[in-house]
Amino acid sequence: MTLFLVLFLLVIVLLSGIPLFAGLAITSLGLYMLETGGVSGMAQVVYSKLDNYLLVAIPLFALMAQFMIKAKVVDDLYAAAHTAVRHWPGGLGVATIASCTLFAAISGSSVATALTIGSSAIPQMKRYGYPSEMAYGAVAAGGTLGILIPPSGPMVLYAVVANASIGALFVAGLIPGLLLAGAFAVYCMIRAARSPRTETLPRAGLAEMGRAMAKAAWSLALPPLVLGGMYFGVFTATEAAGVGALAAFLIAAIVYRDLPPRRIYEAARDAVLTTATLFLILAAAALFGHVVTLMRLPAELVEAITALGVTDWQFLVAVMVVIFILGMFLETISIILITTPIVLPVLIVLDVDLVWYGILLMVNLELALITPPVGMNLFVIKGITDASMRPIIRGVLPYVAIMICGLAVLMVFPEIALWLPSSMAYGR
Amino acid sequence: MVLAPVMLDAIDRLIGWVARAALALCVAMVLGGGLVVCYGVFMRYVLNQPVTWSDELVGYLLVYIVMLGAAETIRRGDLISVDLVSERFGPRGRRAVEIVGMAAVFAVGLVLLKTGLDMLAFSARINLRSQGYLAVELVYTQAAMPIGGALIALTGLNRFVRAVADRPRPASRGGH
């Protein structure tokens with residue numbers, strides 16, 4: 001009961017519109033004062049959480065993405081995908097999904113993916129007669145792949161909070177991510193076939209395709225370098241992020257010749273600001289995790305679940321429903337950081353694979369990015385296009401249905417996520 | 001509020017300068033941290049001489065990057081918030097949300113400052129050193145907490161005062 005009261009209080013505070021980090025921190029401090037009568041040791045709690053080598057991957061992946069964004073490599077990625085599939089029915093939609101998948105493997109961020117690809121893809125799709133809703137839906141949903149396809153900032157955060165293997169999570173996200181991308185692409189083709197005004201472009205010649213691929217080759221080489229290094233045990237996630245940032249810098253500076261000192265500063269500045277914004281919430285969540293543990297709320301939940309004889313399946317379904325509902329109102333980082341410390345002890349007691357749960361969580365958080373009223377990618381599309389929310393929401397609804405089906409399939413067949421990490425000898 | 005607008009603007013500019021200086025330090029640290037990580041990889045794979053201190057160092061840099069970078073994030077209004085309810089408010093309602101939000105930011109900053117100083121005093125008293133290869137005195141790494149707390153409190157207070165005086169900086173970025 002206390003747990004639900006605390007969560008209810010928290011949701012009210014967060015919905016009030018005050019900064020999430022401040023709302024989470026002040027609620028935690030208030031509860032801590034009620035428990036202990038003071039606030040001693042709070043800086044130590046935050047310091048211990050932030051002083052973590054694994055978390056360094058997040059600013060470095062952000063830096064890698066910023067170098068690639070500043071060099072405008074996305075235009076080449078989109079052009080390469082476009083020339084490869086534009087003659088398919090719904091080819092521009094498929095190219096958009098393919099570009100999102102590729103950029104997701106570079107940026108590690110859903111918002112950055114939707115924002116960057118959307119600016120190129122939406123005008124192009126509209127120009128060739130694609131319905132606006134279809135263009136909005138493809139970019140908003142394609143953008144969500146950023147948190148499932150590695151590298152992924154939210155995955156690193158989950159791994160650190162749950163003490164799960166970042167490498168295993170990155171590997172586990174690959175097949176579900178590609179399957180979802182494939183499902184999105186198939187939907188684009190079916191939808192385009194049913195829209196008579198959409199134009200199917202002529203097949204690109206080999207020379208044109210070769211030129212487009214050659215221009216994008218350096219950007220396309222980055223994900224295999226970063227992810228391959230991790231998958232084959234050459235780098236840790238943090239090292240992969242550092243090497244990726246250096247490679248992105250070299251591509252932008254030497255290949256694209258478009259990285260003056262001012263833009264290097266801007267790239268690093270934006271990486272710092274992104275990191276500080278996310279990690280302030282992480283710091284507040286550390287306080288929250290500390291206080292709920294002090295209040296024995298996770299332990300009470302474990303006792304209640306055990307007393308009720310709840311099975312792992314029943315618990316997982318309940319948690320996924322709660323996260324889906326939270327996802328309509330809160331953003332992804334807060335959901336990871338608020339829910340994980342509470343459900344983790346139960347997951348361990350019920351012997352649920354933490355990597356599998358992490359992937360289910362990421363797919364559910366992808367949904368959070370496009371479910372109204374608060375879906376970050378919906379706002380991104382609105383920001384790019386200045387469209388009203390109604391067509392954007394109509395555009396994403398089919399993708400919401402696809403993702404819910406994908407989540408259900410992943411729950412029934414955990415092997416889809418776990419086969420690759422287990423075949424590469426990643427432990428649990 | 002009896003503070004003259006010109007004085008509020010002067011304080012705002014001063015705090016802006018401090019926050020941007022802290023941000024510039026963070027930029028140097030994130031670029032330096034990236035190079036340290038790459039140096040570690042190079043030494044291990046190319047020269048076969050693993051570096052023992054790089055992991056520990058970049059962990060400390062991260063604490064500074066977050067705590068020093070926070071001030072500019074707050075000053076710019078880049079903090080993530082859910083404006084589902086507040087976007088329906090009129091100007092007075094939004095101002096009230098800004099006042100309450102910045103009061104909370106100020107309070108959190110003060111707590112980090114106070115408890116950070118307590119942590120430093122404790123570490124200094126027993127001459128606490130890190131457990132890693134650097135064996136650095138922890139007062140230097142932990143100093144990020146009170147410094148960052150002070151900056152957070154300062155930038156939060158600045159926006160709080162401006163909101164009360166009805167001279168707000170641009171509001172927090174909405175949606176998320």
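This is a predicted model: local features need pLDDT of at least 70, side-chain atom pairs count only at pLDDT 80 or more; totals for chains, interfaces and linings use all residues.
**Entry 1**

Setting aside neighbours within four places in sequence, I found A:Phe21 in contact with A:Leu280, A:Ile281 and A:Ala284 from chain A, and with B:Leu79, B:Val105, B:Val108 and B:Ile152 from chain B.

Next I looked up the largest nonpolar core, which has 222 residues. A:Phe21 is among those with the most contacts inside this core, along with A:Tyr158 and A:Tyr357. Helix α13 of chain A, residues 261-294, gives the most to the core, with 19 residues.

**Entry 2: where the chains meet**

How many residues does each chain bring to the contact? I noted 55 from chain B and 59 from chain A. Together the two chains bury about 4800 Å², and 81% of that lies on carbon and sulfur atoms.

I then checked the polar side of the interface and found six residue pairs in polar contact, both residues at pLDDT 80 or more. On chain B, the elements that give two or more residues to the side touching chain A are α1 (5-45), α2 (54-76), α3 (91-125), α4 (138-142) and α5 (144-164). The largest share of that side, 14 residues, comes from α2(B). Sorted by class, the side of chain B that touches chain A has 36 nonpolar, 14 polar and five charged residues.

**Entry 3: salt bridges**

My search of the whole structure gave 16 salt bridges over all chains. One pair crosses between chains, from A:Glu239 in helix α12 (residues 237-255) of chain A to B:Arg44 in helix α1 of chain B. Their closest N and O atoms are 2.7 Å apart. Is A:Glu239 buried or exposed? A:Glu239 counts as buried because its relative accessible area is 5%, while B:Arg44, at 27%, is partly exposed.

Inside chain B, I found B:Asp118 and B:Lys114 joined by a salt bridge of 2.8 Å, N to O. They sit four residues apart in helix α3 of chain B, so about one helical turn separates them. Both are partly exposed, B:Asp118 at 38% and B:Lys114 at 49%. I also noted a network in which salt bridges with shared partners join A:Lys70, A:Arg269 and A:Asp270.

**Entry 4: a look at A:Thr83**

Last, I visited A:Thr83 in helix α5 (residues 74-85) of chain A. A:Thr83 has 5% relative accessibility, so I wrote it down as buried. What does its side chain reach? The side chain of A:Thr83 comes to 3.0 Å from the backbone oxygen of A:Ala80. Not counting residues up to four places away in sequence, A:Thr83 touches A:Ala204, A:Glu208, A:Met209 and A:Ala212.

Note on methods
Residues are numbered from 1 along each chain as its sequence is written. Chains are lettered from A and ligands numbered from 1 in the order in which they are written. Side-chain values use heavy atoms; hydrogens and water are left out. A nonpolar core is a set of buried Ala, Val, Leu, Ile, Met, Phe, Trp, Tyr and Cys residues joined through side-chain atoms within 4.5 Å. Buried means under 20% relative accessible area, exposed over 50%, partly exposed in between (1.4 Å probe, protein chains only). Contact means heavy atoms within 4.5 Å. Buried area is the accessible area (1.4 Å probe) that two parts lose on being put together, summed over both. A salt bridge is a side-chain nitrogen of Lys or Arg within 4 Å of a carboxyl oxygen of Asp or Glu. A polar contact is a pair of N or O atoms within 3.5 Å; within protein, one must be able to donate a hydrogen and the other to accept it, and residues adjacent in sequence count only if both atoms are side-chain atoms. Ala, Val, Leu, Ile, Met, Phe, Trp, Tyr, Cys and Pro count as nonpolar, Asp, Glu, Lys and Arg as charged, and the others, Gly among them, as polar.
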